[in-house]
Amino acid sequence: LTLSRKDSLTGLANRRFFDEYLEGAVAEWEKSKAPLGLIIFDVDFFKKFNDTYGHPVGDQVLRTLAAQVRKVLEPLGQTQDSKVLAARYGGEEFGIILQGPVVRRMAMVAESVRKAVEKSSLLLRDSSGNVVESGLRVTISVGTAPLWDGWFSSLRANLVDAADKALYRAKSEGRNRTVEFVPGKNPSYRTPGNEPK
């Protein structure tokens with residue numbers, strides 16, 4: 001990523017590039033109908049965390065989180081068929097755009113990111129680099145949505161809205177979980193692994 005496309009704190013794509021990329025991905029979908037999906041997640045109780053430990057520590061959390069995201073997404077790579085872009089969407093919110101066959105594994109990708117963050121233990125350092133606290137943990141709430149051909153207009157807005165609603169559902173159901181939007185005749189939201197038998 002060039003500097004103008006990169007978020008300076010996390011090294012992931014920035015919001016502007018995320019928006020441009022998503023627009024292009026939707027246009028591509030309209031031509032090829034190749035699967036397109038969106039994962040949106042944010043850090044649970046981040047404001048409380050910032051208020052307790054201060055913004056420099058909050059920044060450390062976001063950098064650690066970005067590193068976990070990269071680690072999970074790296075094996076997926078950019079193949080000819082699948083493309084993945086991770087971005088800092090704003091504040092403590094992140095987005096991952098998936099294109100191609102990888103969309104079928106979107107819930108698994110989302111859960112892998114959530115579990116990687118949940119397992120990672122944070123070391124807090126002061127400005128001199130001394131460890132002031134170790135073993136701190138944070139969790140994330142995650143929403144996912146595939147692009148659905150049942151939306152007749154504003155595909156991009158509908159996709160973001162569906163992933164966002166799934167994220168808020170994850171928060172209202174107790175946080176530290178993934179909720180996916182399931183399109184169809186009666187669109188619904190569900191937690192992966194809790195599919196009706």
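Lys-83 and Glu-28 meet through their side chains in a salt bridge, 3.4 Å from N to O (a salt bridge being a side-chain nitrogen of Lys or Arg within 4 Å of a carboxyl oxygen of Asp or Glu). The pair links distant parts of the chain, with Lys-83 in strand 2 (residues 83-90) and Glu-28 in helix 1, 55 residues apart; helices (H or I, at least four residues) and strands (E, at least two) are DSSP runs, numbered from the N terminus. Lys-83 is partly exposed at 29% relative accessibility, and Glu-28 is partly exposed too, at 37% (buried is under 20% relative accessible area, exposed over 50%, partly exposed in between, with a 1.4 Å probe and protein chains only).

A word on the model: it is predicted, so local features need pLDDT of at least 70 and side-chain atom pairs count only at pLDDT 80 or more, while totals for chains, interfaces and linings use all residues. Residues are numbered from 1 along each chain as its sequence is written, and side-chain values use heavy atoms, leaving out hydrogens and water.

In total, the structure holds 12 salt bridges. Another one pairs Asp-42 with Lys-171, their closest N and O atoms 2.7 Å apart. Asp-42 sits in strand 1 (residues 36-43) and Lys-171 in helix 5 (residues 155-172), so this pair ties together parts 129 residues apart in sequence. Both residues, Asp-42 and Lys-171, are buried.

Helix 1 (residues 15-32) also holds both Glu-20 and Arg-16, four residues apart, or about one turn of the helix. Their side chains meet in a salt bridge at 3.9 Å, N to O. Here Glu-20 is partly exposed at 44%, whereas Arg-16 counts as exposed at 55%.
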